[in-house]
Amino acid sequence: MALTIAAATTQAMGTALATNIGASSVLEIRSGAKPATPETAASGTLLVSITISGSFTSTGGVLTAADPASTAPAASGTAGHFRLKQSGGTAVLDGTVTATGGGGDMQLGSTTITTGTNVDLGVPTITVPVA
């Protein structure tokens, strides 16, 4: 049976998550499967590290941040997961990466990351799970 969460509660959860992430967070795109939890050591090869300028804001439980600058990859490989970290380096959340339409927590036009070709993330959004 799925939970149903009140809109005000979803917004409060989104606001709390945005506050916890804080300003100048860093999104790491990595190869391989995501770790069991954000408290688990990072896994896979770090392909690209993208700094999110400013902070996330929450509207209706959907967090949005400013479009970060395109970033040069540190290594080539196939994106499998991402890790979002506070500016001080503490991991906040992990998610899967797939190509657009693949159902991943983050969907990219292509999961192939190649050195010499910048990664343009677009406007990052995170949706608070409600069920």
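**Figure 1. Salt bridge between Arg-83 and Asp-94.** In this predicted model, Arg-83 and Asp-94 are both buried (under 20% relative accessible area, with exposed over 50% and partly exposed in between; 1.4 Å probe, protein chains only). Their side chains meet in a salt bridge of 2.7 Å, N to O (a side-chain nitrogen of Lys or Arg within 4 Å of a carboxyl oxygen of Asp or Glu). The pair links distant parts of the chain, 11 residues apart, with Arg-83 in strand 5 and Asp-94 in strand 6 (residues 91-99). Helices (H or I, at least four residues) and strands (E, at least two) are DSSP runs, numbered from the N terminus. Local features need pLDDT of at least 70 and side-chain atom pairs pLDDT 80 or more, whereas totals for chains, interfaces and linings use all residues. Residues are numbered from 1 along each chain as its sequence is written, and side-chain values use heavy atoms, without hydrogens and water.

**Figure 2. Salt-bridge network of Glu-28, Arg-30 and Lys-85.** Glu-28 meets Arg-30 at 3.0 Å, N to O, and Lys-85 at 3.1 Å, N to O. Glu-28 lies in strand 1 (residues 26-31) and Lys-85 in strand 5 (residues 77-85), so this pair ties together parts 57 residues apart in sequence. Glu-28 has 6% relative accessibility and therefore counts as buried; Arg-30 is buried as well.

Figure 3. Ile-21 is buried, at a relative accessible area of 2%. Beyond residues up to four places away in sequence, Ile-21 touches Phe-56, Leu-63, Leu-84, Gln-86, Val-92 and Ile-126 (heavy atoms within 4.5 Å).
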